[in-house]
Amino acid sequence: MTEADDHMDFDLEVEPEDEGEEALETDLGEPCLVVDDLNVVYRVIGGRAKKEAEKQGAEVREVKVKVPFFKRLLQAGRGHVGAVSEIHAVRGVSFTVRHGESVGIVGVNGSGKSTMLRAIAGLMPPRSGSVHVSGEPSLLGVNAALMPQLTGERNIMIGGLALGLTPKQVDERFDEVVEFAGIGDFVYLPMKTYSSGMGARLRFAISSSASPDILMIDEALATGDAAFKERSKARIEQVRENAGTVFLVSHSISTIEAMCTRVLWMHQGQLVMDGPVHEVAEAYKDFVRAQRPGNRGMSPARRRAHLRKKAREEAEQRAAAKAQQKAESEAKKAAESRA
Ligand SMILES: Nc1ncnc2c1ncn2[C@@H]1O[C@H](COP(=O)(O)OP(=O)(O)OP(=O)(O)O)[C@@H](O)[C@H]1O
């Protein structure tokens, strides 16, 4: 992958453990989350974050910050801190989610997936728009509470308490959380000594231990082996059966297909598609393939011709299927009238 392509690190391969797997359909309840015209903006100083965001296609603009006269006097001779820019990470996103839904979020690097989850969890104030949640949004609440300098053991207690469990309930679930995270005796060491995968798995294990109303999983599943994924899937189904809602951000489309019923596709901070898992997954895969270096070289005219040909083929397939259906139903009617 070249540097220019490194924001496209998604995975279209079907993982062996995801082969043929689909999320269970459950009865959907009342809406539990309404995101209404959400806009989230980061303010950054200096050029690095700005450049990175521009490379990822985010909307970036320089802002003029008025420095009061006395501050300018105080800073005189100290050099300036650099230009201030605003990165518009989430742009006018609206959707509603019902109890029991399992929602995947896809999009290339920097498309705003994590920022949106952070805003839903109340960790990022929106610039405008609103998020209405009924119930307790989990994971990130726990993330905020955890402390890297403390042992996994202490963090399980802190995280459990943050999720509303009593100390006795945390004690009862301790072994299960450690086993789920697969971190063994590391649980007695400070979390800052963990690999990023171990940390992510422990956070997921803690967050899902209290059957939260809304469970948010940001890439944690990518850090586990097949057995961890299997345990996660069972945990996700359990949360949904208790009418909870699951959000899953993943770069692995097969993980999303195996675990979600609905997908939101974000691009450059905007919601470009929201629909049933297979519909959005197919459209996203097409987009990813078209972005691959070989295909990106296609001239606009050739790409248009390619898309026209594809649309024609699909229309022909649909017409053939319809004709066959009609012929079958006429044959059936004829057979019935003969009988
Ligand atoms: N803490 C931050 N400060 C400034 N800009 C940020 C910060 N976090 C994210 N951004 C910028 O906001 C935009 C959206 O980033 P975000 O991390 O939400 O995207 P993402 O889709 O989750 O990406 P990835 O798949 O790489 O995790 C990007 O342009 C990113 O550079």
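Which residues come nearest to the ligand? Keep that in mind as we walk through this predicted model, starting with the answer. The ligand has 17 residues around it, and Ala53, Ala58, Asn109, Ser114 and Thr115 come nearest. Strand 1, helix 1, strand 3 and helix 3 (residues 113-120) are the elements that give two or more residues to this shell. Sorted by class, the shell holds seven nonpolar residues, eight polar ones and two charged ones.

Four strands make an open sheet, and their order across it is 2-3-1-5, with antiparallel pairing. At the edges you will find strand 2 (59-63) and strand 5 (128-133), each of which pairs on one side only. As you step from one strand to the next, the twist averages 30°.

Next comes helix 3, another contributor to the ligand shell. Is helix 3 mostly covered or mostly uncovered? It is mostly covered, with six of its eight residues buried. Those buried residues are Lys113, Thr115, Met116, Leu117, Ala119 and Ile120. Just after helix 3 ends, look for Gly122, which takes a positive phi of about 85°.

Finally, let us visit another group of strands. Strand 4 (residues 102-106) and strand 8 (residues 262-267) run parallel and are joined by four bridges. In this pair, Val103 stands opposite Arg262 of strand 8. Strand 8 also pairs with strand 9 (residues 270-276), this time in the antiparallel sense and over six bridges. Here Leu264 has Asp274 in strand 9 as its bridge partner. How many residues lie between the strands in the hairpin of strand 8 and strand 9? There are two, and in this hairpin Gln268 takes a positive phi near 50°.

Methods
Residues are numbered from 1 along each chain as its sequence is written. This is a predicted model: local features need pLDDT of at least 70, side-chain atom pairs count only at pLDDT 80 or more; totals for chains, interfaces and linings use all residues. Two strands pair if DSSP finds at least two bridges between them. Axes are lines fitted to C-alpha atoms, for helices over the stretch in contact, and angles run from 0 to 180 degrees between N-to-C directions. A residue is near a molecule or strand if its C-beta atom, placed from the backbone, lies within 6 Å of it. Ala, Val, Leu, Ile, Met, Phe, Trp, Tyr, Cys and Pro count as nonpolar, Asp, Glu, Lys and Arg as charged, and the others, Gly among them, as polar. A residue is buried if 20 or more other C-beta atoms lie within 10 Å of its own, exposed if 12 or fewer, and partly exposed in between; C-beta atoms are placed from the backbone.
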